[in-house]
Amino acid sequence: MAILSRLIRSFGLFGFALLGFALALPVIDDGALAQDKPIRIGLLYDLSGPFAAAGSVASQIGAQIAIDLTNERGGVLGKYKVESVNADSQSKPDVAINEGERLINQEHVDVIVGVYSSAAAVPLASKVEEQKKILWITTAVATSVFKDRSLKYVFRAQIHSDQYGQAGIGFLTEHAKSDLGVEPKDLKIAIIYEDGPYGTGVAAADEQYAKQAGIQIVLKEAYSANAPDLSSLVTKLKRARPDVILHAGYNPDITLFLRQAREAGLRFKMLIGNGAGYSQLDKLTATFGTDIDNFCDIDPVPAQHLDAAKLAPGLGDLIKIMVERYKAKTGANDVPPHVSMGFNQTWILLQNVLPIAIEKYGGTDAEAIRKAALDVDIPVGGTIQGYGVKFFPPGTQLSGQNERSTPVVMQYVKGQIKVVWPTAIQNVPPVLPLPAQSPYAVN
Amino acid sequence: MDIYLFEAIINGILLGGVLALLALGLNLIFGVIDVVWICYAELVMCGMYMIFWLHSFFGWPILLASFAAILGVAGLGVLLHLLVISPILGSAPINQLLATGGMLFFLQSLATLLFGTDFRNIGVRLPLIELGDIFISYSRLLAFGTALIGAVALYLFLSRTYLGIAMRAIAQDREIMGLMGVDQRRVYLITSAVGGALAGLAACLLVLQYDVHPFIGLSFGPITFMICVLGGLGNMIGGFIAAFVMSQIIAVGGYYFSIEISYVLAFVFFIVLMFIRPQGLLAR
């Protein structure tokens, strides 16, 4: 590789052309896909606006690392280069739709990879479906993107929002008696959430699973992520006195809420975040220091926190490369789960789906990719985030969603993220309730 | 009385202080220059970034950084007037609105370009004020106090100083003042500087409570504009009262119903009032 890059550097574009020509020669007769025509993939993320720093840019960088790495290894199947076309949806659903149209109709991409916000994913899925192109969702989680919509061209290996409720309530039910000293039926929780599809989806799942477990919900309330003030919500929480707060929020709203909660003397035994802003530990730590120690967060696991020995061979090295490159690109200390989401889903597309599409279905058009995706069957432990991949087939309620995805419950331990649930793969046992030194702890 | 309702009312009053402070500068500009700075909240954002960089990056003491930001945003106000407003002073109001609206996107994009989309904060943690069962936010109290002092100072400036009287005279009749030998350009520049300084002052107080990011203006811009209209655009006392009316609807409505519904109530109140009194609560 070093020789190649030196060649490129010294000969510039000419070197590039020469290289392309040299590589193209032996495979010039390779059917539909000629070497000089790379596979074009649109990367659609919120690169500006409030979602950018709440994990969208991190996802985009993860996806780009997967593409770069694939190209460095020769491309898909070792010979088909991938070319990414970036688009910025500006944290606005209407811009996401326009940019999606542009990627399909002007940039002529067959696959759009990305989408951070569920508010954008819901309408975009219909648009892309209409045009019979592929939307490969890496990050947005709302179950409503797929539920009862019979989508055929939209796929998501990422978890879906119902699973946050499942994980959060499962974790609480398991630890209510042993750590909080109450039976689940006596446990009081509050559910607060931003009012977009992401927050609403997570909150609905929290409510559903809490009811099944007999846990009491003392408050359930939505707010806009742009709200300049959340103090009346904090006051109501003080009145309702929940043991545990389940929160689904982005970023400015989370910092505003936690700041106003501290100033208003709100106390609880545990706070469980649901990804998005809660998964940006570096940013939360910069704002709150050790105040947020021992808070929990549910999300697909950041791959670097999994025991690589339990994953398929080679994935451990892949995770190392991803982490190194993300840190080198951003100078970050903590690598949020969004990097793994972007990288993992893109890697699955490039390494597991496109090869089948090319070899078995004759190309990388939407129809071939769709069929190939439905053929994919990766067992548990087969991706960097631990879960396997098998998409629900057409005709099922969640067609296009991965049926093997799982989230984990993590806890912030002294500026580090530790996996605490499922118990079988935990790094450390959870600390419950919040210890007395926390400014939010019940005295 | 329900202690939590009491806390909600106090929170409403304190939020009102923050909003009143924001409305003050916007109203002054409209009152005197007759132009709406739609990008007002973005000037506040610039001020917040100034404080962030000066304090967190260059290590200036927070008070010095705040003072510099007030001067800096005052300078931005003057620049805005010279580069954008003054060439189109004579054009139709809609063009002026579009021009300052363009500035809004320009400033947002410039901030994104320069600073990225990261949320930043100066990491100052103020002490808690605890009165029995009621907690009061120190930063909010500070903002509330400053808004009161700012309003009084502005009132005194406009009613007691020569320059202030000149400003008010221009606000009443811009043509005749020119004929009487008053240098409107100078008055406009000074007004823009004062309006900018007020935005800078708001920045100093907001940066204690909110993270800075290029889109922070979205949280405050629309409601500030609404408050100014509700109070009667250009009417400073009206704006001041409107800020507290709105914040009480938001705080108490949020307490009894939900935050989402409280905003619905606030907007319904706004729309109904626009039908009854299109000129605002306290129109001139």
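Guide: Let us begin with a single residue. A:Phe295 has a relative accessibility of 0%, and because buried means under 20%, A:Phe295 counts as buried. Please keep in mind that this is a predicted model.

Visitor: Which ring is paired with that of A:Phe295, and how is the pair described?

Guide: A pair of aromatic rings is described by the distance of the centres and the angle of the planes. In this case the partner is A:Tyr440: the ring centres lie 5.5 Å apart and the planes stand at 55°, so the pair is classed as tilted. A:Tyr440 is also buried, its relative accessible area being 0%.

Visitor: Where do A:Phe295 and A:Tyr440 lie in chain A?

Guide: A:Phe295 belongs to the loop between α9 and β10 (296–299), while A:Tyr440 belongs to the segment after β12 (416–421), so the pair ties together parts of chain A that are 145 residues apart in sequence.

Visitor: How many aromatic pairs are there over all chains?

Guide: The count comes to 20. One of them joins A:Phe51 and A:Tyr250, a tilted pair with 4.3 Å from centre to centre and 40° between the planes. A:Phe51 is in the loop between β1 (39–45) and α2 (56–72) of chain A, and A:Tyr250 is in the loop between β8 (244–248) and α8 of chain A, so this pair ties together parts that are 199 residues apart in sequence.

Visitor: Are A:Phe51 and A:Tyr250 buried or exposed?

Guide: Both A:Phe51 and A:Tyr250 are buried.

Visitor: Which residues form an aromatic cluster in chain B?

Guide: One cluster is made up of B:Tyr49, B:Phe52, B:Trp53, B:Phe57, B:Phe58 and B:Phe115.

Visitor: Let us turn to charged side chains. How many salt bridges are found over all chains?

Guide: The search of the whole structure gives 21. For A:Asp375 and A:Lys360, the gap is 2.7 Å, N to O. A:Asp375 lies in helix α12 (residues 366–375) and A:Lys360 in helix α11 (residues 337–361) of chain A, so the bridge ties together parts that are 15 residues apart in sequence. A:Asp375 is partly exposed at 30% relative accessible area, whereas A:Lys360 is exposed at 53%.

Visitor: Which residues are linked in a network of salt bridges?

Guide: A:Arg40, A:Glu83, A:Glu99, A:Arg102 and A:Glu107 are linked in this way. A:Arg102 is partly exposed at 23% relative accessibility, and A:Glu107 is partly exposed at 22%.

Visitor: How does one read the interface of chain A and chain B?

Guide: The size of an interface is often given as the accessible area lost when the parts come together. Here chain A and chain B bury about 3,300 Å² between them, with 52% of it on carbon and sulfur atoms. In terms of contacts, 39 residues of chain A meet 37 residues of chain B.

Visitor: How many salt bridges and polar contacts are found across the interface?

Guide: There are four salt bridges, one of them between A:Arg259 and B:Asp211, whose closest N and O atoms are 3.0 Å apart. Across the interface, 17 residue pairs are in polar contact, both residues being at pLDDT 80 or more. On the side of chain A that touches chain B, β7 (216–223), α7 (231–240), α8 (252–263) and α9 (281–288) each supply at least two residues. By class, that side has 16 nonpolar, 11 polar and 12 charged residues.

Visitor: May we close with one residue of chain B and its surroundings?

Guide: B:Thr100 lies in helix α4 (residues 93–115) of chain B and, at 0% relative accessibility, counts as buried. A polar atom of the B:Thr100 side chain lies 3.2 Å from the backbone oxygen of B:Leu97. Leaving aside neighbours within four places in sequence, B:Thr100 is in contact with B:Val35, B:Val36, B:Trp37, B:Ile38, B:Cys39 and B:Ile85.

Definitions and conventions: Residues are numbered from 1 along each chain as its sequence is written. Chains are lettered from A and ligands numbered from 1 in the order in which they are written. This is a predicted model: local features need pLDDT of at least 70, side-chain atom pairs count only at pLDDT 80 or more; totals for chains, interfaces and linings use all residues. Side-chain values use heavy atoms; hydrogens and water are left out. Contact means heavy atoms within 4.5 Å. Buried area is the accessible area (1.4 Å probe) that two parts lose on being put together, summed over both. A polar contact is a pair of N or O atoms within 3.5 Å; within protein, one must be able to donate a hydrogen and the other to accept it, and residues adjacent in sequence count only if both atoms are side-chain atoms. Helices (H or I, at least four residues) and strands (E, at least two) are DSSP runs, numbered from the N terminus. Ala, Val, Leu, Ile, Met, Phe, Trp, Tyr, Cys and Pro count as nonpolar, Asp, Glu, Lys and Arg as charged, and the others, Gly among them, as polar. Rings of Phe, Tyr and Trp (its six-membered ring) pair if their centres lie within 6.5 Å; planes under 30 degrees apart count as stacked, over 60 as edge-to-face and the rest as tilted. Buried means under 20% relative accessible area, exposed over 50%, partly exposed in between (1.4 Å probe, protein chains only).
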